[in-house]
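I opened a new page for this structure. My notes follow in the order I looked things up.

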Amino acid sequence: MQTATAAVRLHALEATTPPPSPTMQKSFETHALLTGNAEARAAEDTPRRRDVGSQLHCCGLRGPPPPPEWAARMQSVWWYRVSSFSYCIAGSLAAVRPEPLARHAVPCCADFPFRCMGVAITLNGFASFAADVIHIGHPQTIWKPIDVVLATGNTIVQMLIATLQLLGLTSFPPLAGSVFAASVCAALYCKRRSARAVAEQDCEGAILWHAMWHYSLPGGALLAQLLISTDESDEGSLKRGL
C-alpha cells in the first residue's frame, strides 16, 4: 500500500515538474561535452606520459627503483653497503679544509661556499645509506626523495666545477682537474649502467654499477683534493728552498 502511494506521488511530481528550458538543456549538453573531452584528453595523455617515462628509463636519466625482493641480496654485499659513506669522506675533507679549493677557484669562483658544499656532500652520504641500503626496495620512504635532491644538486655542482676548469676559468692543478673531470664522467656512466641493470632485472649488475656510482665521483674528488694539497706543499717547499 505504501509502495503504491509513493509511486503515485512520484508520478504526480514528475507531471508537475516543468521540462528544462532550452538554455538549461544547452548548458547540460555543453557540460557533458567538456567532461567527455577532458576524460578523452586524460586517456590520451596517460600513454603519452608512459612513453616519456620509458624514454627517460632508456636513456638512463631516470631509473626504476629496485624491486623489494632484491633488498636482502643488496644489503648482504658489504662493499655495496659501505659505498654510500664515500660521500662522507670526500665531503668532510672539503668541509674541514675548504681553503685550498677556494684559492684555486680564481678567477671566477673565489667566493664559492666550498664548506657548505662539503657539508651537503657529507649529508648526501647518510641520506644515500638510508635510501639505498636500509630502506632499499621501499620507494615510499622519505629518504629516497631526500637522497635524490641532494645527489642531483651535488652532481650538478661538481659538473659545473669540472666545466669551469676545462674552460680555464679556475686555476686548479692540471692533474687534479683532469682526475676530477674524469671521475664526473665515470660517475654519470655508472649511474646510467645502474639504471639499465635495474630495468633489465639484473640484480648483480645493479649492485655493481650503483656501488661504482657511489665510489667514482667521491673517490675522484678526494684524490683531486689530495693532489691539490700535495701541489701546494711542493710549491711551499720550493719557495722555502729559494
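Predicted model: local features only at pLDDT ≥ 70, side-chain atom pairs only at ≥ 80, totals over all residues.

**Confidence first**

Confidence is lowest in helix 2, residues 22-59, where the mean is 49. It is highest in helix 5, residues 86-96, at 97. Within residues 40-59 the pLDDT stays below 50. I checked what that stretch touches: beyond near neighbours in sequence, it has eight contacts in the model.

**Overall make-up**

I looked up the secondary structure next. The chain has ten helices and zero strands. Written along the sequence, the pattern is α-α-α-α-α-α-α-α-α-α. Of the 242 residues in the chain, 34% are buried. I also looked at contacts between residues at least 6 apart in sequence; 72% of these join residues at least 24 apart.

**Helix 9**

I picked helix 9, residues 174-199, to look at its span. Its 26 residues reach 38 Å from the first C-alpha to the last. That is close to the 38 Å expected at 1.5 Å a residue. Which residues of helix 9 are buried? The list includes Ala176, Gly177, Phe180, Ala181, Val184, Ala187, Cys190 and Val198. Ser183 and Ser194 are also among them. After helix 9 comes Gln201, and I noted its positive phi, near 60°.

**A nonpolar patch**

I searched the surface and found a nonpolar patch of Trp78, Trp79, Val82 and Leu208. Together these residues have about 390 Å² of accessible area. I traced Trp78 to helix 4, residues 78-81. Is Trp78 buried or exposed? Trp78 has a relative accessible area of 56%, so it counts as exposed, the cut-off being over 50%.

**Salt bridges**

How many salt bridges does a search of the whole structure find? It finds three. I took them one by one.

Arg73 pairs with Glu204, and their closest N and O atoms are 2.8 Å apart. Arg73 belongs to helix 3 (residues 71-76) and Glu204 to helix 10 (residues 203-241), so this pair ties together parts 131 residues apart in sequence. Both ends are partly exposed: Arg73 has a relative accessible area of 38%, and Glu204 has 42%.

Glu99 and Arg115 form another salt bridge, at 3.6 Å from N to O. Glu99 sits in helix 6 (residues 99-104) and Arg115 in helix 7 (residues 114-134), 16 residues apart. Glu99 is partly exposed at 38% relative accessibility. Arg115 is partly exposed too, at 42%.

Asp132 bridges to Lys144, with the closest N and O atoms 3.3 Å apart. Asp132 is in helix 7 and Lys144 in helix 8 (residues 143-166), so the pair ties together parts twelve residues apart in sequence. Here I compared the two ends. Asp132 is buried, with a relative accessible area of 3%, whereas Lys144 is partly exposed, at 30%. I put Asp132 down as buried because its 3% falls under the 20% cut-off.

Technical notes:
Residues numbered from 1 in each chain as written. Heavy atoms only, no water. pLDDT = per-residue confidence, 0-100. Helix = DSSP H or I, 4+ residues; strand = E, 2+ residues; numbered from the N terminus. Contact = heavy atoms within 4.5 Å. Expected span 1.5 Å × (residues − 1). Buried < 20%, exposed > 50% of the residue type's maximum accessible area, 1.4 Å probe, protein only. Patch = residues over 30% accessible without salt bridge, like charges linked within 9 Å, V, L, I, M, F, W, Y side chains within 5 Å. Areas by Shrake-Rupley, 256 points an atom, 1.4 Å probe, with all protein chains shown as cover. Salt bridge = Lys/Arg side-chain N within 4 Å of Asp/Glu carboxyl O.
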